[in-house]
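Q: I've got a structure open and want to walk through it with you. Can we start with how some of the helices pack?

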Amino acid sequence: MAVRLTDAVVGALACPAGVKDTLVFDDALRGFYVRVPAKGAKVFGLQYKVAGQKRRLVIGTWGTELTTAQARKRAEQERGRVRAGGDPVSERKAAVAAQKAERQRVAFTVRIMIDQWSEKHLSQRTADYRSQSEGTLKAAFDKLLDKPAAAITKTDVREALDATAGARGPYAANHLHAAGHACWKFAIGRGEIEVNPWASIPKPTKAVARDRVLSDDEIVAVWKATEGMARTWRNITRLLILTAQRRSEVAGMTWAEVDLERAMWTIPRERAKNNATHLVPLSASALEIIRSQPREKGAIYVFQSRGETSPSGFSKMKARLDDAVGESVAPWVLHDLRRTAATGMQRLGVLPVIIEAVLNHVSGTRTGIVGVYQRHQYEAERRDALDRWSKHVMDLIAAADTGMAGAVPSAKIPATTHRPSPTSLGLRYINEEMLCLAAENPHLRSKALAELRVRTGRVRAADRETEEKRFDRMLRALERNGTNAGRLITAMNERREAVAQWMKAVRRAQSLGVQFDPRLERLNADFEDQSNSIQRRWQALRELTDLLNSENAVPSNLDEVMREIASRATARSR
């Protein structure tokens, strides 16, 4: 139906019965029409084609928005755009989409982006890491949280990094850089923004692995300094020393995680940094500390604060602790206690793979094929390692309490009813633990010699000097041989485990019909011979050490010591 559209005609048009609406076209302007619905307002439009496809452009409502003449004039303008190659419908849709995107861009603020990143991307990380990363970003962009995320510029990022570095240090700024880069990258992946302003900005400082390890005297100083602190912080700090676990794990310990009967603390995967459940055997001293904590009815956390949450405020606690220790302890951070415990266990002869298990590290000897196939948890070995470390620490504290600070408890000279010779007295220090300790602590040698001087005051100076030099030579030799043997045994044990897993895989493959070079079996046999040889030499050294600790056999020179070691190793091989 086509007629000359005027206001009078449009006003008289009615929709035929039984249909939803009808289109009435103008007979003068091609494509110009009015839609007449069964109910509602009449709407003008323009119909045209682009590349053979029909398009209908809405112009406006008759009466309330436009008269027929106004609608005709606008339709003529739009038709002119079509003849010029335009597509008003597509252009209008693009404009609407752009407006919608702009509204969304403005609505997608920095605060919303950080919340989404924390909720959707960090959901598998520990609660502490999630809270720390989210808090770091919100603190750095405190004044820009309600600004569109897409509007954040490189200048904003640099200012946030500079402010964080000035207030909290360069490493805190590095953490902000890592969190910010990850957060913006997450938003780009979801199509919320298009540019990452962190991408071309370098980290504020080069990350350097910390190597700070507290000495025995410093451990004693820190332990003693906690005596003046509140019970919660005193016990948390001491457990950090004894358990070698992370501060967030210790502070967040719950009663449900602790089995007092088994002396076992189970850190669930939700709280562990590497997302793996971690078993921490509790030494007698650690267990005593936990038992000393009051357990109120309904309490969740072992170290529960007033707000029924785990304690916070480590920075203030550390500042008070630094004031208490004064200059007796060089600059350190709480995480250094973890490294100190690991180093101490290594000094006590604990194998690296056991230390990594204690720390819940998945690296080094627990990666690769060993990490995939070897699922043994070393529970007994971990308990032994933490018991030995706890005993070492408590012996240090006991020595300090009795005025013998700096002495090595495991190397104490037993009381005797007579005055032994300087040589036999010095050799009492040479036992398995002393060898491991002295390898990492050269100052122990001077302490042993100082003890000799005190106890042999009546010996002539020339004789004492001769004996001290002899003792020093023998101690160095035994340390060198003991340390080398210990390292070899550690390496061989690790290699033995790897080879065992490899041979297991080989035999499995052979059972499935896969052929392997028979030289593999010979190589494995050669390895076993080498390993057994080193084990024999180490056992011989330990036996000789025990012999030297007695007063019945004191070798006259170093050559005799080394000959005896070789002799015993040869005899054991037969």
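Q: Which residues in H9 meet which residues in H16?
A: This is a predicted model, to start with. On the H9 side they are Ile-241, Leu-242 and Thr-243. On the H16 side they are Leu-386, Trp-389, Ser-390, Val-393 and Met-394.

Q: How do the residues of that contact divide into nonpolar, polar and charged?
A: Six are nonpolar and two are polar.

Q: Why give both an angle and a distance?
A: Because two packed helices are described by the angle between their axes and the distance between those axes.

Q: OK, now H4 and H5. How do they lie relative to each other, parallel or antiparallel?
A: Roughly antiparallel. The axes of H4 (residues 110–121) and H5 (residues 127–140) cross at roughly 170 degrees. They come within 10 Å.

Q: What meets what there?
A: H4 brings Ile-114, Asp-115, Trp-117, Ser-118 and Glu-119. H5 brings Arg-130, Ser-133, Glu-134, Leu-137 and Lys-138. In the contact of H4 with H5, five residues are charged, three are nonpolar and two are polar.

Q: Back to H9. Where is Trp-233, and is it buried or exposed?
A: Trp-233 sits in helix H9. It counts as buried, because its relative accessibility is 11% and the cut-off is under 20%.

Q: What is Trp-233 in contact with, leaving aside its neighbours within four places in sequence?
A: Pro-311, Ser-312, Gly-313, Phe-314, Met-317 and Arg-320.

Q: How far is Trp-233 from Leu-321?
A: In space, 9.8 Å from C-alpha to C-alpha. In sequence, they are 88 residues apart.

Q: Switching to strands. What is the order in the open sheet?
A: S1-S2-S3-S4-S5, five strands with mixed pairing.

Q: Which are the edge strands?
A: S1 (2–3) and S5 (53–61), each pairing on one side only.

Q: In what sense does S1 pair with S2?
A: Parallel, over two bridges. S2 covers residues 21–26. Ala-2 has Phe-25 in S2 as its bridge partner.

Q: Which helix lies across S2, S3, S4 and S5?
A: H2, residues 68–83. It runs at about 15 degrees to S4.

Q: I noticed Glu-78. Where is it, and is it buried or exposed?
A: Glu-78 is in helix H2. It is buried, with a relative accessible area of 12%.

Q: What is Glu-78 in contact with, beyond its neighbours within four places in sequence?
A: Leu-46, Leu-57 and Pro-88.

Q: Cysteines next. How many disulfides?
A: Zero, from a search of the whole structure.

Q: And Cys-15 and Cys-183, buried or exposed?
A: Cys-15 counts as buried at 18% relative accessibility. Cys-183 is buried too, at 0%.

Q: Last one, the whole chain. How many helices and strands?
A: The protein chain has 22 helices and eight strands.

Q: How much of the chain is buried?
A: Buried residues make up 40% of the 574 residues.

Q: What share of the contacts join residues at least 24 apart?
A: 61%, among contacts between residues at least 6 apart in sequence.

How values were computed. Residues numbered from 1 in each chain as written. Predicted model: local features only at pLDDT ≥ 70, side-chain atom pairs only at ≥ 80, totals over all residues. Heavy atoms only, no water. Contact = heavy atoms within 4.5 Å. Helix = DSSP H or I, 4+ residues; strand = E, 2+ residues; numbered from the N terminus. Nonpolar A, V, L, I, M, F, W, Y, C, P; charged D, E, K, R; others polar. Pairing = 2+ DSSP bridges. Axes fitted to C-alpha atoms, helices over the stretch in contact; angles between N-to-C directions. Buried < 20%, exposed > 50% of the residue type's maximum accessible area, 1.4 Å probe, protein only. Disulfide = S-S within 2.5 Å. Parallel < 35°, antiparallel > 145°, perpendicular 65-115°, else oblique.
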